[in-house]
Amino acid sequence: MIARVLIFFSAALVLGQTNLLTNNGFESDLTGWQTRGPAEFSADTAQPHSGQKAARIYIASGTTLNYQQIYCTASPAITEGERYSASVWVRSQGVTTAPGAYQSRTLFPT
Ligand SMILES: [Ca+2]
């Protein structure tokens, strides 16, 4: 069980000069992104990082940790052997108890 947690999020996956993530700054709300797990997902203006919005993940007090996820498909698809640059900006609020909060990035070739 965890305390109420807010996470603000934006991401980039770059090959050369091309960002492969559509709407990576969430200026078009959650268009192009999918979510999974017991949380409220939205685009929010409170902590935009860049532009006007960032993704907001709200995990209510008492929620069981269950790998709450926000994810998208790279376009064009990633390919084995290429060198990519991945970055993510995360700001958390309300993380006050163990086990805390963490984020991970995983790339799945298609
Ligand atoms: Ca943004």
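1. A word on terms before anything else: helices and strands here are DSSP runs, numbered from the N terminus, with a strand needing at least two residues. Read that way, the elements of this predicted model run β-β-β-β-β-β-β from the N terminus on. That makes seven strands and zero helices.

2. On overall shape, the C-alpha trace spans about 40 × 30 × 20 Å along its principal axes. Buried residues account for 17% of the 110. If you look at contacts with a separation of 6 or more, 67% of them join residues 24 or more positions apart.

3. What sits between the strands in the hairpin of E1 and E2? There are two residues between them, and Gly16 in this hairpin takes a positive phi near 65°.

4. Now the inside. In general, nonpolar side chains tend to be buried together in soluble globular proteins. The largest nonpolar core here has 14 residues, and those touching the most other members are Ile7, Phe8, Phe9, Ala54, Ala55, Ile57 and Ile70. Strands E1 (5-15), E4 (40-44) and E5 (54-59) each give two or more residues to this core. E1 gives the most, with five residues.

5. Is Leu20 buried, partly exposed or exposed? Leu20 has 18 other C-beta atoms within 10 Å, so this residue counts as partly exposed; being buried would take 20 or more. Leu20 is in the loop between E2 (18-19) and E3 (33-36). Beyond its neighbours within four places in sequence, Leu20 contacts Leu13, Leu15, Ala74, Ser75 and Pro76. Ala77 is 57 residues away from Leu20 in sequence, yet their C-alpha atoms are 7.9 Å apart.

6. The peptide bond from Ser75 to Pro76 is cis, with omega near 0°. Pro76 belongs to the loop between E6 (69-72) and E7.

7. Next, some backbone angles to check. Most residues other than glycine have a negative phi, and most peptide bonds are trans. Asn23 is not a glycine but has a positive phi of about 55°. Asn23 is in the loop between E2 and E3 and is partly exposed, with 17 other C-beta atoms within 10 Å. His49, also not a glycine, has a positive phi near 65°. His49 is in the loop between E4 and E5, and 15 C-beta neighbours inside 10 Å make His49 partly exposed.

8. Finally, where is Ser42? Ser42 lies in strand E4 and is partly exposed, with 15 other C-beta atoms within 10 Å. Ser42 and Gly16 are 26 residues apart along the chain, and 30 Å separates their C-alpha atoms.

Note on methods: Residues are numbered from 1 along each chain as its sequence is written. This is a predicted model: local features need pLDDT of at least 70, side-chain atom pairs count only at pLDDT 80 or more; totals for chains, interfaces and linings use all residues. Helices (H or I, at least four residues) and strands (E, at least two) are DSSP runs, numbered from the N terminus. A residue is buried if 20 or more other C-beta atoms lie within 10 Å of its own, exposed if 12 or fewer, and partly exposed in between; C-beta atoms are placed from the backbone. Two residues are in contact if their C-beta atoms, placed from the backbone, lie within 7 Å. A nonpolar core is a set of buried Ala, Val, Leu, Ile, Met, Phe, Trp, Tyr and Cys residues joined through C-beta atoms within 7 Å. Two strands pair if DSSP finds at least two bridges between them.
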